[in-house]
Amino acid sequence: MRRPVLTRHEFERRRQQLADLQRYVAEQEQSFHLLHASLQAFVDRYIALLGPLYLELDALESQLHAASLYLAEALRRNGLEAPLPTPPRATALPQVPRLPESAPLPRQPEGGGVVEIEPPSLKQLYRRAAMRLHPDLAPNEAQRRQREQAMMDANKAYAEGNRFLLEKLLLEAGEDPLKVTGSNGDAVLEWLRRSELAVQGRLRVVQAHLISLQAHPMHQLMQAIEGAEGRGLAPFEIMQSRLRTQISQRRQELYIGQRLQPESDLAVAFLTQRVERLGASAC
């Protein structure tokens, strides 16, 4: 079998490059985690200050919708055309996306690097194939037939002096490459290739999540609020004041809506106003 072109020097060079790339990925992960922690602390503060107000506002909107449905159905029973507002949507509290866990790298071949020993003779390969592929070791009839065919191929390869085929049969059967070819170069090359692809893939995932976190609406809001607070302003207090104003308005709407008579023009005007604010339902 053709020996892989991988010297110890080339292996060390590529392994060092892999280690450098892993360190860079770790730095990018650390950048993500630092930003995530900062943003999560801001979101926790945002929810603590504004969450109860949003919940109260959502509850009032739900009660208003129930009152609106009652009026619309009563008006329609009385033969009047009544617009029906769309159901209100609950306020979604912000969430900070997390970085998915990384998958472990492939297991490095035994030896820790490129190992070269004297390859076994053709006769040694054949004896190893006979032990590895013997039909009597098959656990079922289907595998027994496969082993019989493999042994026929091994017998033919030995008779023809076909070392390549004997090596191929043994490697496909799971034999240690070092014991078959005298080198683990193929396994090391494959380990390097798969490890490099895995680390490069992880880097793409981390960088994509970092960019997404930097573009997150809450990150932009955090920067704006921290900038305003740095100038001595109180943006959260302003936001709380606006929400309390909306809550007061919804309470007044609810008080009116629950007391309107379904045959009055005021009921139609009330529903029309709700539709203008929320949109009309398809029902």
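I shall speak about the overall fold and then about the salt bridges.

This is a predicted model, in which local features need pLDDT of at least 70 and side-chain atom pairs count only at pLDDT 80 or more, while totals for chains, interfaces and linings use all residues. Residues are numbered from 1 along each chain as its sequence is written, and side-chain values use heavy atoms, with hydrogens and water left out.

Let me begin with the fold. The protein chain contains nine helices and zero strands; here, helices are DSSP runs of H or I with at least four residues, strands are runs of E with at least two, and both are numbered from the N terminus. Of the 283 residues in the protein chain, 34% are buried. Buried means under 20% relative accessible area, exposed means over 50%, and partly exposed lies in between, with a 1.4 Å probe and protein chains only.

Contacts are counted where heavy atoms lie within 4.5 Å. Among contacts in the protein chain with a separation of 6 or more, 81% join residues 24 or more positions apart. The accessible surface of the protein chain is about 17,400 Å², and carbon and sulfur atoms contribute 53% of that surface. Accessible areas come from the Shrake-Rupley method with a 1.4 Å probe; for residues, only the protein chains shown count as cover.

I turn now to charged side chains. Side chains of opposite charge can pair when their charged atoms come close. A salt bridge is counted when a side-chain nitrogen of Lys or Arg is within 4 Å of a carboxyl oxygen of Asp or Glu. The structure has 15 salt bridges.

One of them joins Arg-23 to Asp-20, at 2.0 Å from N to O. These two residues are three apart in helix α1, residues 8-77, and are therefore separated by about one helical turn. Arg-23 is partly exposed at 46% relative accessible area, and Asp-20 is partly exposed at 37%.

In helix α6, residues 185-214, Glu-190 and Arg-193 are likewise placed three residues apart, about one turn. Their closest N and O atoms are 2.7 Å apart in a salt bridge. Glu-190 is partly exposed at 34%, as is Arg-193 at 38%.

What of Asp-136 and Arg-144? Their side chains meet in a salt bridge of 3.3 Å, N to O. Asp-136 is exposed at 54%, whereas Arg-144 is partly exposed at 27%.

Finally, a network of salt bridges links Glu-61, Arg-250, Glu-253 and Arg-274.
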